[in-house]
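Colleague: I would like to learn how to read a few features of a protein model, one at a time. Could you give me the general idea first and then the case at hand?

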Amino acid sequence: MLTAILIDDEKGCLDTLEIELQTYCPDVKVLAKCQSAEKALEVLDTLIPDMIFLDISMPQINGFDFLLKIPKINFEVIFCTAYDAFALTAFEFCAIDYLLKPVSKEKLVRAVDKVRQKQHKQVDLQNLELLLANMRGGIHHKPNVAVPTPEGLEFISITDIVYAEADGNYSRIYMTNKEKILISRTLKDLEALLSNHPFVRIHQSYLVNMAYIKKYVKGEGGYVVMTNGATLQVSRANRIKLMDLVR
């Protein structure tokens with residue numbers, strides 16, 4: 001039997017989610033339903049669930065600030081959100097489970113299965129910290145981004161990224177100050193996170209900041225010369241996309 005606490009400021013959402021859990025995930029016992037983060041904090045003083053289903057947009061204390069108030073997170077966090085597409089790419093970048101409202105049966109069952117299959121009932125704190133760093137306050141309003149490195153999290157200015165290079169399941173970011181930062185995410189993940197900024201994928205191995213392209217040299221696919229002197233190949237598949245952006 002798995003245990004859960006449901007947190008949402010809308011009573012209808014709480015009742016609906018409880019019924020769906022009873023119907024589709026009968027081995028999940030709901031310990032408490034909380035209509036505010038404040039109430040949930042009180043409940044967590046005495047109850048330790050296997051997971052919480054957490055709404056993000058709540059009055060007074062939102063879902064992210066609620067998590068920051070918990071000294072030790074020793075349960076799985078499944079976000080329930082109606083956030084926009086940008087938020088969803090941030091969730092995917094951080095590998096955190098989320099359910100988009102209205103919740104579908106299939107995704108609910110899948111999220112609970114992930115909790116059930118984990119041997120250790122503890123969230124990946126680095127991923128959670130990364131999510132909070134990139135989502136609190138909205139990355140739309142800040143030119144900084146938090147990226148996971150082998151040592152922890154590093155906060156960097158988006159405008160100072162010249163380009164990024166694929167390195168297996170990792171990526172290497174090249175900064176204007178000539179610093180190189182190895183992050184534990186693929187180039188595809190990084191591309192999704194920076195999708196609202198002037199970056200373009202010119203090759204399966206390169207994601208470049210348009211602001212730092214010095215020149216483009218034609219050829220089969222061609223190549224670009226960056227302001228830091230780097231020469232990067234452009235694939236034939238990405239040449240047209242690049243040319244459309246620089247016109």
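Colleague: How many bridges join strand S14 to S15, and which way do the two run?

Modeller: In general, the strands of a sheet pair through backbone hydrogen bonds, and the pairing is either parallel or antiparallel. Here strand S14 (residues 223–226) is joined to S15 by three bridges, and the two run antiparallel; two strands count as paired if DSSP finds at least two bridges between them. Within this pair, Val224 stands opposite Leu232 in S15. The names come from DSSP runs numbered from the N terminus, where helices are H or I runs of at least four residues and strands are E runs of at least two.

This is a predicted model, in which local features need pLDDT of at least 70 and side-chain atom pairs count only at pLDDT 80 or more, while totals for chains, interfaces and linings use all residues. Residues are numbered from 1 along each chain as its sequence is written, and side-chain values use heavy atoms, with hydrogens and water left out.

Colleague: In what order do the strands of this open sheet come, and which are the edge strands?

Modeller: The open sheet has three strands in the order S13-S14-S15, with antiparallel pairing. Its edge strands are S13 (213–217) and S15 (231–233), each of which pairs on one side only.

Colleague: Where does Ile7 lie, and is Ile7 buried or exposed?

Modeller: Ile7 belongs to strand S1 (residues 2–7). Because its relative accessibility is 2%, Ile7 counts as buried; buried means under 20% relative accessible area, exposed over 50%, and partly exposed in between, with a 1.4 Å probe and protein chains only. Leaving aside residues up to four places away in sequence, Ile7 touches several others, among them Leu14, Cys34, Ile52 and Phe66, where contact means heavy atoms within 4.5 Å. Ile7 and Ile52 are 45 residues apart in sequence, yet their C-alpha atoms are 7.3 Å apart in space.

Colleague: What should I look for in the backbone angles?

Modeller: Most residues other than glycine have a negative phi, and most peptide bonds are trans. Gln60, although not a glycine, has a positive phi of about 65 degrees, and it lies in the loop between strand S3 (51–55) and helix H3 (63–68). Lys178 is likewise not a glycine and has a positive phi of about 75 degrees; its place is the loop between strands S9 (170–175) and S10 (180–183). Gln60 counts as exposed because its relative accessibility is 71%, and Lys178 counts as exposed at 74%.

Colleague: Which residues does the cis peptide bond join?

Modeller: The cis bond joins Lys101 and Pro102, with omega about -5 degrees. Pro102 sits in the loop between strand S5 (98–100) and helix H5 (105–117).
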